[in-house]
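Dear colleague,

I am handing over the structure below, and my notes on it follow directly after. Please read them alongside the coordinates.

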Amino acid sequence: MTVPTTHFVIFAALLFAIGAAGVLVRRSGISILLGIELMLNAANLALVAFGRQHGQLDAQVFVFFVMAVAAAEVAVGLALLVAIFRKQRSIDVDRLNVMRW
Amino acid sequence: MMGTAVFYLVAVVGVVSALAAISHKNPVVNVLSLVVTLFCIAVSYALLGAEFLAAAQILVYAGAILVLFLFVVMLLGAPEEPPAGERRPFQRVAGLALAGIAAAGSIAVLAGIRAAAPAGAVRGTAEALGRLLVGPYLFAFEFISVLLLAALVGALMLVKRKH
Amino acid sequence: MLDLLWLVPALPLAGALVLLGGGLRFGKRTTTAVGVGSVGLALAAVAAILVQYAGMHGETVARHVFNWISAGDVTVDFALRLDPLSAVMLSFVTLVGFVIHVYSIGYMHTEGDRAYARFFAYLNLFMFAMLTLVLGANLVVMFIGWEGVGLCSYLLIGFYFDKEYCAAAGIKAFVVNRIGDFGFLLAIFWAFKVFGTVDFSGMAAALAADPARYAAAVTPIALLLFVGAVGKSAQLPLYVWLPDAMAGPTPVSALIHAATMVTAGVYVVVRCNFIYRLSPTALLVVAAVGGVTALFAATIGLAQNDIKKVLAYSTVSQLGYMFLAAGAGAFAGGIFHVFTHAFFKACLFLGAGSVIHACSGEQDMRKMGGLARKIPVTYWTFMVATLALCGIPPFAGFFSKDEILGRVFAAGAGNLNGFGASYLVLWVLGLAAAFLTAFYMFRAVYMTFHGEFRGTPEQWHHVHESPGSMTWPLKILAVGSAVVGLLGVGRAITFGTDLNWFEGFLHRVAPTVEVEHAPSLGTEWVLILLSVAVAVAGILLARRFYFGAEAFVAPRRIAERAPVLYAAVANKYYVDEAYDRAIVRPLGKLAHFSWKGIDTIAIDGTLNASAFFTEIAGDLLRFLQTGNVRNYALFVLGGALAAAAWLLL
């Protein structure tokens, strides 16, 4: 017997919630990016699980695209962090309040 | 049966290491824990029949992206959580609460679903995916390459030192 | 040459635009060249056009300049129309206008360069507006000119705008004219609704084809047009602006408030005679307002001491005559009086300007006297124009006034439209006004030019004849006042031979409404002698009262015997005061209430309140905008969860 789709999705939901918690709770820019990666992967897992449920490969193509987008996002995000760190010697996002009222 | 046991094992390991990835003070530990989680997800992909994605997950995510993370962590030389500046206790509590609601809510909803058995194993081999990518999804595939190029240029521009 | 008709209004407009576009910075020499030159060129163009037109037997020439309004059923072209009526108007408007422009060179030479340029710019603009009014081929184009002359009148009355009473007079003229313009506008709308066109030819054709179909609309349109005419031509009850308009420079009074603009009302009535002749009621109203105004204004003229005010009331009175003629169906006769009046009234005003110029700005006749010796040219030209105004043969006014009184009497005797008795009463009023006119005009002549000088010796020493640029216009206009009447010699005077060129010329566009039983030749001669006798009686009475050793004795005695009557006349029957009480002040109170009550409290309050609450809301909501990235992420997740919950539950 195979594992039911719902169990994969529950696993994905847990990973997503953990990733969201990381984004919301941590102040380090790197940790926030890690949380985002985790959320993206959770979504990917759910996609693949749903794809199997419907017997389609298109979901896997989408996951492939998401991976590429994630790679691009990480590259730009990390570059931003490096630039910010150079500017104010910190990657604490709470200190990014230059443009606040 | 073997597959079922493997799934629950990787699920537990994945969730535990994900918790470590977001909660540990040391960024290096965070990154390495995430590698474990991503590896668990790759196993899940394999169990779901997505063989190519499983390989790509390990190669691209664990191998490339997280190494990039590690590299930046080392580069910035800020391994510890930055010193406490502006405290936002409400943010922490509310963030955890919302995440908890999201998790509990989805489990509650999903547990109630009695889905039919999966339609059948469609194996996501490199050949099958490749036919889709250069077939119906050719435009999106090409477009992704442009996006990656743009990200590359953007990242270069952002980190370039101004004279 | 007829294709260049558009040049006639365009030339003065160009002059005005050059002067205004130059920022009024030109020297006097340039200003004169532009301002007077443009009108001179227009006069030359008019002369050339009229020479050509003379050989065309009075046919109507329409020249389409451009498509102006074209929306749905509404099509209004900017089109000009030359027919006998507009040709007559064109001739004297440009001639008198040009003469007055020349006169202004001398009269305004003491002004600064800037004021001088402004004066000529406005004067040119006025010429443009007046010529547009005259030449307009439909009511809408005419309305442009109509409003344009109103605007220029306002600008020129308030020319010395740093003096408060001048500015007030300008506003008064504008506001009172607006009341009339409102009627005119309604008439345009109504005419468009009924006829589907506002073109004069189109409307005339529609009425000629099927008069019965439009029977119900004719009277209201005619009366509304007349409301406009009453405002522009200063008739009862809207005449009050014209006497005050004397606050403007004297050439303006001569050009606008005597010779041209104020005749626009008469022109409109005659131009639309194809409407009026179908409505007996409207004709009677026009005649009645004209006749009553003629007498009413003449009585006020009796007790005025300002030389320009006397002339102003005389203008109101003479305009009344013109409407009286139009109301009696003598459209050509009305225009004939417009024509002759333009010459002698312009001459009188310019003469008055010359007197004022000589007396260093003094306008009060009580401080003049004996000026004939010092300024003979002014005296003689003024005398000729006065005789013309009084209707003494063979001067111009005699022919036109006699024509009017004769026609009104004929309308009464011939029972025109069944209103014979009313016309007879109006004839009596006209005759009485003729007597009073002769009296107050010679009163002015005697007070100004005869007797002893009543001002200071320095003033007497200073009195001098005006320069050539002022006396030549006077001479030209005096000659005109003397001879132009010969163009319209009445039939009776020539014992039945039809020498009335003027009426014959206008017959095609404005035929006189004929009564069934025309008075006999003998009756007409009696009427002529009667009107001359009445005028001579007025002159003799004025001589008795204001000339020689016993001057001013009799009037003073009358003023003492009947103080109430004298005060009423001297104070213009308190009409201004009554309007002030009855209309101006209540309106002022209403405006004050609208300002303080409705505007400040209700409207401003609502606006300020909504602004206040918006600001409060913004002050509170801005705390959501923390500027913290994680905080925003929190909102995003909260929102996403809420959306998911809403979808699932």
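Of the 101 residues of chain A, 59% count as buried, where buried means that 20 or more other C-beta atoms, placed from the backbone, lie within 10 Å of the residue's own. This is a predicted model, in which local features need pLDDT of at least 70 and side-chain atom pairs count only at pLDDT 80 or more, while totals for chains, interfaces and linings use all residues. Residues are numbered from 1 along each chain as its sequence is written, and chains are lettered from A and ligands numbered from 1 in the order in which they are written.

Chain A has three helices and zero strands, in the order α-α-α from the N terminus; helices are DSSP runs of H or I with at least four residues, and strands are runs of E with at least two. Among the contacts in chain A between residues at least 6 apart in sequence, 48% join residues at least 24 apart, a contact being two residues whose C-beta atoms, placed from the backbone, lie within 7 Å.

Between chains A and B, the contact takes 64 residues from chain A and 71 residues from chain B. On the chain B side, helices 1 (2-23), 2 (27-47), 3 (51-76), 4 (89-111), 5 (126-133) and 6 (138-159) each supply at least two residues, with the largest share, 11 residues, coming from helix 4 of chain B. That side of chain B divides into 53 nonpolar, 14 polar and four charged residues, with Ala, Val, Leu, Ile, Met, Phe, Trp, Tyr, Cys and Pro counted as nonpolar, Asp, Glu, Lys and Arg as charged, and the others, Gly among them, as polar.

Chains B and C meet through seven residues from chain C and seven residues from chain B.

Best regards

Definitions and conventions
Buried ≥ 20, exposed ≤ 12 C-beta atoms within 10 Å, placed from the backbone.
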